[in-house]
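Have the structure open and follow along.

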Amino acid sequence: MLEAQVKPLITLIIAIYLITLCIIYSRTNENITDQRESFAFKGMLFSFMLYGLVDLRFTNDNFYADFPHWFTMLVTELGFATMSLSCYFWFIYVSSDTKPRRKFAQLWYIATFLPLLVSFAFIFTPLNKNLFVITDTLELRPLLFFLTWMDYIYLILATIISLIKRHRAKTRIEKRRYGSQILFILFFTVSGFMVGFLMNLPSIELCIIPIVLKIFVEIQDSKIYTDALTRLNNRRRISDYINEELPSCSLEKPLCIIMIDIDFFKSINDILGHEEGDRALIAFSNALTKVTQSKDAMASRWGGDEFVIAGKDMSIAENLREKISKELEKNSNLSFTPSFSIGIYKCTTPSVRIDDALVAADAELYKDKEIQHQKTEEFHRQLNKAK
């Protein structure tokens, strides 16, 4: 009786697995994450779905004897290939925001594609007889261990990247996200061992569903903490960061809170149009990202044309106006260089509340704004010239 129930149970597990992945696939787009990350995650989901379809062979005990040799060969090849492909896409997903230097970029992409190319060369050519042989059953060869290591090259690289990113993460939210990426590798490894003990059962599917759901939820969370226009951190994320760091403030390790406001932003919209205003916001956000990326600090869009930087690296405040202006001047998408005001407050005691710290930084901002607004005529001439 139990044996008669096993096959329907396998079919049910794979069906639920495929439906779950299809739902996640349909909900993954560039609105919740960036283009490269979305492509990699969807590629990985597609690989997993194809693997689930291949595992439907478990519902037939005589699969290799009942079907034509060419069909069983194709299904077996696809089974191995989808695992290699999913490992590759996982590596691309984890490294999606890792940008190699321009002169090494092409070499980097070729080098990281090579293990997949080698795997496919073994799987889809006559070399596959060194991996498996199909008669009335599937016989695995020792060289299959080599193919497994080709896959694990991607998983090992992805783990190293995730560990580095987790170490550099500035918030608990980021640390949890990169921690989940490491957890994914562990699930993948465990599922690989389970296949050896649970042959002809959909063990990998049971391991994949929970971790894919967790990653998808964290991608959704990332949207909540990211400004839709500029892709910079938003008010909620910087507020969480400041609240996390305030309790550990001291004279030796103060928390620097910097408020920045783009001057004459209404004039930019009125004279050059709202599209140019949006480009100015994006350019300004990119400049802040460049200025803070190597510092123990976080940049965010506070709202409208206001931005906030917070961090315990005091060097972030040194020559900040010059650093931002230099990055803005490099931007070829703008027909003018935005003017901006800066207010800096250093919190040296944990008793200060976030609202009080922001009010203090805002007060310093308006002192600087009075100075910057003396350049009104000069800046408006620049805008009209750009028009």
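This is a predicted model: local features need pLDDT of at least 70, side-chain atom pairs count only at pLDDT 80 or more; totals for chains, interfaces and linings use all residues.

Residues are numbered from 1 along each chain as its sequence is written, and side-chain values use heavy atoms, with hydrogens and water left out.

**The sheet**

Helices (H or I, at least four residues) and strands (E, at least two) are DSSP runs numbered from the N terminus, and two strands pair if DSSP finds at least two bridges between them. On that basis, 4 strands make an open sheet, ordered 4-5-3-6, with antiparallel pairing. Strand 4 (297-303) and strand 6 (340-347) are the edges, each pairing on one side only. From one strand to the next the twist averages 20 degrees; axes here are lines fitted to C-alpha atoms, for helices over the stretch in contact, and angles run from 0 to 180 degrees between N-to-C directions.

Two of the pairings go side by side in this table.

| Strands | Bridges | A bridge pair |
|---|---|---|
| strand 3 and strand 5 | 6 bridges | Cys256 and Gly311 |
| strand 4 and strand 5 | 6 bridges | Met298 and Ala310 |

The hairpin of strand 4 and strand 5 has 2 residues between the strands, and Gly304 takes a positive phi near 60 degrees there. Buried means under 20% relative accessible area, exposed over 50%, and partly exposed in between (1.4 Å probe, protein chains only). Strand 4 is largely enclosed by the rest of the structure, because 6 of its 7 residues are buried.

**Helices around it**

Contact means heavy atoms within 4.5 Å. Helix 11 (residues 274-292) has 19 residues and reaches 27 Å from its first C-alpha to its last, close to the expected 27 Å; that expectation is 1.5 Å times one less than the number of residues. Its buried residues include Leu281, Phe284, Leu288 and Val291. The buried residues of helix 11 pack against strand 3, strand 4, strand 5 and strand 6, as well as helix 10 (265-272) and helix 12 (320-330).

Glu245 is found in helix 9 and counts as buried, at 18% relative accessibility. Leaving aside neighbours within four places in sequence, Glu245 is in contact with Lys170, Leu255 and Lys312.

**The rings**

Rings of Phe, Tyr and Trp (its six-membered ring) pair if their centres lie within 6.5 Å; planes under 30 degrees apart count as stacked, over 60 as edge-to-face and the rest as tilted. By this rule there are 19 aromatic pairs. One of them is Tyr88 with Tyr154: the centres are 5.4 Å apart and the planes at 75 degrees, so the pair is edge-to-face. The pair links distant parts of the chain, with Tyr88 in helix 4 (residues 69-94) and Tyr154 in helix 6 (residues 144-168), 66 residues apart. Tyr88 is buried at 15% relative accessible area, and Tyr154 is buried at 1%. Both belong to a cluster that ring pairs build from Phe39, Tyr88, Phe89, Phe91, Phe113 and Tyr154.
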